[in-house]
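Me: I would like to go through the side-chain contacts in this structure. Could we take them one at a time?

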Amino acid sequence: MELHNFTLEDKTWIDPIVMSENTRNSDFCFSTLYLWNTDPDIKTGLIDNRLIVRSKFYGKIVYVAPIGKGPIEPVIRKIKADCDKDNIPMAIYGVTEEMKNLLEREMPGELLITETVDQEDYIYDIDKLADLSGRKMHNKRNHINKFLSLYPNWKFEEMKPEHFDECRKLLKLWQSRHELHKDLEIDYEDLGIDSAFNHFKELKLDGGVLYVNNELCAFTIGEKCAKDTYLVQFEKADVDINGSYPMINREFVRIIRSKYPEVKFINRSDDAGIEALRKAKRSYYPELMGRKYTVTWKI
C-alpha cells in the first residue's frame, strides 16, 4: 500500500468519505483522527476506494477500520500484507457492527473479531440532553437549578479565538486537580485540546464557553460527525463551580440543535475504561451504545 503522511490538508478528501459512510462512530471523524493522534508517523491514503489510516495506539501500530465503498476483503488482505512486510501483527480498531457483519460475510473464519467495551461510544438523544425532561433527568435539573440560583451572573457564548487563552488557563487548573488521572490517555487529550485551539478554524470546529461573574468556568469543543450526529470531543469545567458540567453540556447542546437542525444525536465518545467517566456518561442515560470491535488475523 502506498500511504502518505497524514496532514490537515487531508480533511478535504476524508470528510466526504466520513459523511458518505454516515456512521455515528467517533473514530472516523476527522478531528478524532487529527487531534487524538500524536504519532508523527501517522499515514493515510485511499486504497480501493476505502480510507486507510495507519497509526499507533499505546505504542502499537494499528489501522483504523477502512470505511468507504466497495468490497472490503481486498483491503483487509492489503493491510495484512503491509503488516507482514514490517513483521508486525495486524490490528484494526474502531470496527462498527455493520463492518463486523460485512467482514464475517466476506472473510468467514479468517479473522478474530473482539468487542472492545472501553471504546464504545455513548450516544444520546439531542432533545433529552437539551431539555433534560423526564424523571431520569431529575438530578441533572437539580444541578442546573442550583447553578442558576448560586450564579445569577452567568453567561454562555460560542467559542472564538479570543477565548483560547482563558481556556488554556482553565485546562491547567483542571490538570492540577486531576493528577490521579495523569495517564497516557489524558496526556493525549491535553495535546489534542491544544491542537484544537491551534487549528480551530481549519478543522471547522464548534465550541462553547461558560462564565460565572466574568470568570471562565467551563468550555467544550466538537464537530459534526455524521448526517444526524454531532460529536463532543472535549469538555472541561471547574468543579468548584457547582453545576458547571451539566450547564456547559446543556447550553452547548442547545446551540448545536439550533445550528444543525438535522442533528438528532449527540455522541460523547467513549469512557476509555475510566470508572469516573463511565459513571458520568451513564448518568445521562444514553439512547444507544456505539459498539466497536478490534479485528486481528486468526492464527
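Me: Which residue does Glu251 form a salt bridge with?

Reply: In this predicted model, Glu251 forms a salt bridge with Arg254, and the closest N and O atoms are 3.9 Å apart.

Me: Where are Glu251 and Arg254 placed?

Reply: Both belong to helix α9 (residues 244-259), and because they are 3 residues apart there, about one helical turn separates them.

Me: Is Glu251 buried or exposed?

Reply: Glu251 is buried, with a relative accessible area of 11%. Arg254 is partly exposed, at 33%.

Me: How many salt bridges are there by this rule?

Reply: The count comes to 31 salt bridges. One of them pairs Lys11 with Glu223, with 3.0 Å between the closest N and O atoms. This pair links distant parts of the chain: Lys11 is in helix α1 (residues 11-21) and Glu223 is in strand β10 (residues 215-226), 212 residues apart.

Me: And are Lys11 and Glu223 buried or exposed?

Reply: Lys11 is buried, with a relative accessible area of 7%, and Glu223 is buried as well, at 6%.

Me: What about Glu104, which side chain does it meet in a salt bridge?

Reply: Glu104 meets the side chain of Lys100, at 3.4 Å from N to O. The two lie in helix α4 (residues 97-106), 4 residues apart, which is about one turn of the helix. Glu104 counts as partly exposed at 39% relative accessibility, whereas Lys100 is buried at 15%.

Me: Which residues are linked in a network of salt bridges?

Reply: Arg54, Asp82, Lys85 and Asp86 are linked in such a network.

Me: Changing topic to the cysteines: how many disulfides does a search of the whole structure find?

Reply: The search finds 0 disulfides.

Me: Last topic, the backbone. What is phi of Asn49?

Reply: Phi of Asn49 is near 65 degrees, a positive value in a residue other than glycine. Asn49 sits in the loop between β2 (43-47) and β3 (50-57), and it is exposed, with a relative accessible area of 54%.

Me: And where is Ala272?

Reply: Ala272 is in the loop between β12 (265-267) and α10 (275-282). Although not a glycine, Ala272 has a positive phi of about 55 degrees. Ala272 is partly exposed, with a relative accessible area of 29%.

How values were computed:
Residues are numbered from 1 along each chain as its sequence is written. This is a predicted model: local features need pLDDT of at least 70, side-chain atom pairs count only at pLDDT 80 or more; totals for chains, interfaces and linings use all residues. Side-chain values use heavy atoms; hydrogens and water are left out. A disulfide is a pair of cysteine sulfur atoms within 2.5 Å. Buried means under 20% relative accessible area, exposed over 50%, partly exposed in between (1.4 Å probe, protein chains only). A salt bridge is a side-chain nitrogen of Lys or Arg within 4 Å of a carboxyl oxygen of Asp or Glu.
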